[in-house]
Amino acid sequence: MPRFLDHASPDFEAAFAALLAAKREDSPDVDATVAAIIADVRARGDAALIELTARFDRVTLTLQTLRLRPEEVAQAADEVPDRVREALELAAARIRAYHARQIPDDAEWTDDAGATLGWRWTPVGAAGLYVPGGLATYPSSVLMNAIPAKVAGVERLAMVVPTPDGALNPAVLAAARIAGVDEIYRIGGAQAVAALAFGTDTIAPVDKITGPGNAYVAAAKRRVFGKVGIDMIAGPSEILVIADSDNDPDWIALDMLSQAEHDESAQAILVTDDAQFGRAVARAIEARLETLDRRAIAGASWRDFGAIITVPDLAVAAQLSNRVAPEHLEICVADAEAVAARITHAGAIFLGQWTPEAIGDYVGGPNHVLPTARSARFSSGLSVLDFMKRTTIARMTPAALRVIGPAAETLANSESLGAHGLSVRARLDRLND
Ligand SMILES: NC(=O)c1ccc[n+]([C@@H]2O[C@H](COP(=O)([O-])OP(=O)(O)OC[C@H]3O[C@@H](n4cnc5c(N)ncnc54)[C@H](O)[C@@H]3O)[C@@H](O)[C@H]2O)c1
Ligand SMILES: N[C@H](CO)Cc1c[nH]c[nH+]1
Ligand SMILES: [Zn+2]
């Protein structure tokens, strides 16, 4: 049974805390396995990749078949029905246009002391994109990861995708081609992450790894962080809907199920100021669940992590939403902007009843790789900035050094760092000669 919580009830705080805490953790066994896999790939390179792929994906690779040939990509992409390819192209164009606006500006100015200061942005040299295989192959996620990298100006984009029993979704390859992915390898799991981070004879190392995956992929990304950058550890999907009674309960039910169907550990929460409406949405969810292909997954998610919360007003709804810090927040009330103005923590906000979250998953333009598990309190969805770094710039003139140099010398001496102080003093003395 999903949870029904009433803000007016005396045990509300305890029930709400239990709802926030009801999340899965990675098991320590996974981390130990991943550590061994990474060490193996570092030691034996391609040979380890081939062996681990045979073990976990039941596919026999050779040095020649590790990487997909361009003709194989083109052939698979051609198998994709025209309407799917056209939808991918429309999505890609919208995602590209949205992300192009994120390209940051360089800056330079001369301050009162006469120092010229600033910063400039440059892309990472190479990025690696993990695309999950098996249960969850999402062509849309290929677009969402690859396009920001290309917009940032990343020169080399290498993609890894496991092909369990040899199976590979052609639409994933079509999306990779549309997005401009340069290299594609038939490998997955921790071994693929290790190969991207440390390189092998066949795969040159990258600087940044992005993309979702299972617990093994997540643990490997945590372990290689520092050697390379990573985007985030994406957990199970989440949606929180704030809705008043002026909505069709069936629409809200479907919006909640759209995230519940991703994962048994996904979480869908409705916050409403009308208890009767909340019960109507719960009934609509039960009815719609019966009809879904993924009813087992969505049903488990709804049963174990779903919730309907009744609040006295929309201000309280916004407060509770901020405490959840959801990955996706739908605001389906007359004045959605007024509620949105109270939101401080959410990965993505969808305003009004004509903006189902699924639009954001595919064609809206914003990225669908978003912070989960309350990490929207301190982080943001994937963007062009994730594929860029900012380098600061400083130029002193003799006059500027005269003004600010002595303070640097004083601070260096206070830290007992003689060479620091002297490197400034030597120049100041020359100016005084
Ligand atoms: N948040 C998002 O945007 C998003 C999008 C797509 C997928 N996902 C998530 O990605 C995940 C996909 O998982 P998946 O398993 O289908 O594909 P996956 O590609 O993440 O993992 C498959 C790989 O896991 C490794 N593996 C499996 N069992 C192992 C074991 N016992 N020991 C060592 N390695 C092992 C194998 O190397 C295999 O190739 C799901 O959890 C899904 O929720 C999230
Ligand atoms: N909602 C997912 C992220 O939480 C992304 C996705 C891909 N395909 C459909 N949805
Ligand atoms: Zn989705």
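**Figure 1. Glu-327 and the residues it touches.** Leaving out residues up to four places away in sequence, Glu-327 touches Ser-237, Glu-238, Gly-347, Leu-370, Pro-371, Thr-372 and Ala-376. The model shown here is a predicted one. To find Glu-327 yourself, look in the loop between α13 (314-324) and β12 (328-332). Is Glu-327 buried or exposed? A residue is called buried if 20 or more other C-beta atoms lie within 10 Å of its own. Glu-327 has 29 C-beta neighbours inside 10 Å, so Glu-327 counts as buried.

**Figure 2. His-328 and its contacts.** Move on to His-328, and you are in strand β12. Which residues is His-328 in contact with, once its neighbours within four places in sequence are left aside? They are Glu-238, Ile-239, Gln-259, Gly-347, Ala-348, Phe-350, Glu-357, Gly-360 and Leu-370. His-328 counts as buried because it has 26 C-beta neighbours inside 10 Å.

**Figure 3. Glu-327 and His-328 as an annotated pair.** What does the UniProt record say about these two residues? In an unreviewed entry, the annotation "active site" covers Glu-327 and His-328. Such annotations may be inferred rather than shown by experiment.

**Figure 4. Helices α4 and α7 where they cross.** Two packed helices are described by the angle between their axes and the distance between the axes. Here, the axes of α4 (residues 70-79) and α7 (residues 170-179) come within 7 Å and cross at roughly 115°. The two helices, α4 and α7, are therefore roughly perpendicular to each other. Their crossing, that of α4 and α7, is left-handed. On the α4 side, the contact is made by Val-73, Ala-76, Ala-77 and Glu-79, and on the α7 side by Pro-170, Leu-173, Ala-174, Ala-176 and Arg-177. How many residues in the contact of α4 with α7 are nonpolar, polar or charged? Seven are nonpolar, two are charged and none is polar.

**Figure 5. Stepping back to the whole protein.** With the close-ups done, here is the setting they come from. The protein has 17 helices and 14 strands. Its C-alpha atoms fill a box of roughly 85 × 60 × 45 Å along the principal axes. Of the 433 residues of the protein, 43% count as buried. Among the contacts in the protein with a separation of 6 or more, 74% are between residues 24 or more positions apart.

How values were computed
Residues numbered from 1 in each chain as written. Chains lettered and ligands numbered in written order. Predicted model: local features only at pLDDT ≥ 70, side-chain atom pairs only at ≥ 80, totals over all residues. Helix = DSSP H or I, 4+ residues; strand = E, 2+ residues; numbered from the N terminus. Buried ≥ 20, exposed ≤ 12 C-beta atoms within 10 Å, placed from the backbone. Contact = placed C-beta atoms within 7 Å. Axes fitted to C-alpha atoms, helices over the stretch in contact; angles between N-to-C directions. Parallel < 35°, antiparallel > 145°, perpendicular 65-115°, else oblique. Left-handed = near helix turned anticlockwise from the far one by under 90°. Nonpolar A, V, L, I, M, F, W, Y, C, P; charged D, E, K, R; others polar.
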